Amino acid sequence: MEIDYVDERTDELLAEMFAVWEASVRATHDFLAEADIVRIAGYVPDAFRQVESLIIVRNDNGELLGFCGISGQEVEMLFIAPPARGLGIGKRLLRTAVEDFGICMLDVNEQNSQARGFYEHEGFVITGRSETDGMGDPFPILHMKLPSA
């Protein structure tokens with residue numbers, strides 16, 4: 001596995017990221033209806049383009065296994081391809097974000113207990129809660145932070 005810092009966001013990379021995003025969401029966000037996924041998918045490519053920094057992980061065959069988007073000191077997105085879950089990729093991406101980019105905050109869907117548990121295991125604690133997500137949809141968000149930050 002190889003971690004890369006992305007400078008150029010090509011159409012090919014964005015398509016790979018979208019495929020990982022969609023497969024990951026379908027595997028972990030069981031609280032979303034199909035209509036929600038389709039609606040959210042409409043603004044995902046812009047989010048990929050707008051995030052300040054992007055870290056990706058590929059396997060030895062060049063297949064995208066996961067990615068992490070960072071803005072300021074916050075993880076904006078972290079998605080792992082379902083077949084690659086449990087291999088330590090999320091941990092590597094998160095630790096790289098903390099060590100190389102100084103991130104100390106993130107938001108996670110309250111209903112995504114797997115992601116919440118992962119972040120808690122990695123040392124993040126809940127510092128707040130919002131009833132709606134960043135788009136105003138009724139999916140509660142937990143705000144998390146590293147206690148040392």
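Student: How many helices and strands does the chain have?
Tutor: This is a predicted model, where local features need pLDDT of at least 70, side-chain atom pairs count only at pLDDT 80 or more, and totals for chains, interfaces and linings use all residues. Residues are numbered from 1 along each chain as its sequence is written, and side-chain values use heavy atoms, with hydrogens and water left out. Helices (H or I, at least four residues) and strands (E, at least two) are DSSP runs, numbered from the N terminus. From that end the elements run β-α-α-α-β-β-β-α-β-α-β-β. The chain comes to five helices and seven strands.

Student: What radius of gyration does the chain have?
Tutor: The radius is taken over C-alpha atoms, and the globule rule is 2.2 Å times the number of residues to the power 0.38. With 149 residues, a compact globule would come out near 15 Å. The chain agrees with that, at 14 Å.

Student: What share of the residues is buried?
Tutor: Buried means under 20% relative accessible area, exposed means over 50%, and partly exposed lies in between (1.4 Å probe, protein chains only). The chain has 149 residues. Buried residues make up 44%.

Student: Is valine 25 buried or exposed?
Tutor: Valine 25 sits in helix α1. Leaving out residues up to four places away in sequence, valine 25 touches Leu32, Ile37 and Phe79; contact means heavy atoms within 4.5 Å. At 2% relative accessibility, valine 25 counts as buried.

Student: How many salt bridges does the structure hold?
Tutor: A salt bridge is a side-chain nitrogen of Lys or Arg within 4 Å of a carboxyl oxygen of Asp or Glu. One of them pairs arginine 39 with aspartate 137, at 2.7 Å from N to O. The structure holds eleven.

Student: Which residue forms a salt bridge with arginine 58?
Tutor: The closest N and O atoms of the pair are 2.9 Å apart. The bridge links distant parts of the chain, 42 residues apart: arginine 58 is in strand β2 (residues 53-58), its partner in helix α1 (residues 11-28).

Student: Where does aspartate 137 lie?
Tutor: Aspartate 137 meets arginine 39 in a salt bridge. The pair links distant parts of the chain, 98 residues apart, with arginine 39 in helix α2 (residues 34-41). Arginine 39 is partly exposed at 37% relative accessibility, and aspartate 137 is buried at 14%. Aspartate 137 lies in the loop between β6 (125-130) and β7 (141-145).

Student: Why are glutamate 22 and arginine 26 separated by about one helical turn?
Tutor: The two form a salt bridge, with closest N and O atoms 3.1 Å apart. Glutamate 22 is partly exposed at 27% relative accessibility, and arginine 26 is partly exposed at 40%. They are about one turn apart because both lie in helix α1, at a spacing of four residues.
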